[in-house]
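Subject: Structure handover

Hi,

Here is the structure I promised to pass on.

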Amino acid sequence: MTMGKIIFYEDRNFGGRSYECMSDCPELTSYLSQCNSCRVESGCFMVYDRSNYMGNQYFVRRGEYSDYSRMGMSDCFRSCRMVPMHRGSFRMKIYERENFGGQMMELMDDCDSIMDRYRMSDCQSCNVMDGHWLMYEQPHYRGRMMYMRPGEYRSFREMGYSNMRFMSMRRIMDSC
């Protein structure tokens, strides 16, 4: 498995002190007073604007991210999670209601609109069987996103996403 490497910087445009990270980090402010820019040297990561992988999240891959505010984040980077490379099939069941209730659809590839493809107006729970996925609040992979790894997610509302509706899903297939 390829290791990821991300470098966080205190200031925008890669200025100030830096901290190099190669795994999950629940609290970046333990190392830097704030993190306003980052450079991904290898791998893929989710970065969050709150500690412990909470708040707004954003998917980053190899490249430079000079200013957190241009990414739709309300605050500087506070935590990050490495996204492992997945080789193999992708499978996720999405449910219209919490606790796997209501209409269910099984996805094995990207879906740019659950409304258009399945006539599903909402998605409140899911079961990720294979692969790593990004769920978006708007069709066509727009708006805020949420990282989903294999597991059961019974209630997005209880996970802190009470005011979000997930309307599109994409597999994380990048050779990060």
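**Salt bridges and the rest**

K5 is partly exposed, with 22% relative accessible area (buried means under 20%, exposed over 50%, partly exposed in between, using a 1.4 Å probe and protein chains only). Before I go on, a word on the source: this is a predicted model, where local features need pLDDT of at least 70, side-chain atom pairs count only at pLDDT 80 or more, and totals for chains, interfaces and linings use all residues. Residues are numbered from 1 along each chain as its sequence is written, and side-chain values use heavy atoms, with hydrogens and water left out.

Back to K5. Its partner is E41, in a salt bridge whose closest N and O atoms are 3.3 Å apart. A salt bridge here is a side-chain nitrogen of Lys or Arg within 4 Å of a carboxyl oxygen of Asp or Glu. The two sit in distant parts of the chain, 36 residues apart: K5 in strand β1 (residues 5–11) and E41 in strand β3 (residues 37–42). Strands are DSSP runs of E with at least two residues, helices are runs of H or I with at least four, and both are numbered from the N terminus. E41 is partly exposed, at 32% relative accessibility.

How many salt bridges does the structure hold? There are 15. As a reminder, side chains of opposite charge can pair when their charged atoms come close. Two others I'd look at:

- R81 pairs with D24, with 3.7 Å between the closest N and O atoms. R81 is in strand β7 and D24 in the loop between β2 (15–21) and β3, so this bridge ties together parts 57 residues apart in sequence. R81 counts as buried at 15% relative accessibility, while D24 is partly exposed at 35%.
- R165 and D122 meet at 3.9 Å, N to O. R165 lies in the loop between β13 (151–153) and β14, and D122 in the loop between α1 (114–118) and β10 (125–130), so parts 43 residues apart in sequence are tied together. Here R165 is partly exposed, with a relative accessible area of 44%, and D122 is buried, with 19%.

**Pockets**

The largest pocket holds about 370 Å³ of space. For the method: on a 1 Å grid over the protein atoms alone, a pocket is an open set of points where a 1.4 Å probe fits, with protein on both sides within 12 Å along at least five of seven lines, and lining residues have an atom within 4 Å of a point. Points are joined across faces, edges and corners, and the volume is the space filled by probe spheres set on them.

By class, the lining has 10 nonpolar, 6 polar and 5 charged residues (Ala, Val, Leu, Ile, Met, Phe, Trp, Tyr, Cys and Pro count as nonpolar, Asp, Glu, Lys and Arg as charged, and the others, Gly among them, as polar).

The second largest pocket has a volume of about 200 Å³. It is lined by 14 residues, and F59, R61, L134, Y136 and R170 are the closest to its centre. At least two lining residues come from each of β5, β11 (133–138) and β14 (168–171), with β5 giving the most, 3 residues. This lining has 10 nonpolar, no polar and 4 charged residues.

**Cysteines and backbone**

The structure holds 0 disulfides, a disulfide being a pair of cysteine sulfur atoms within 2.5 Å. C80 is in no disulfide either, and its nearest cysteine sulfur, that of C21, is 3.7 Å away. C38 is buried at 0% relative accessibility, and C80 is buried at 0% too.

Most residues other than glycine have a negative phi. N99, in the loop between β8 and β9 (101–107), has a positive phi near 55 degrees. Y141, in the loop between β11 and β12, also has a positive phi, of about 60 degrees.

Cheers
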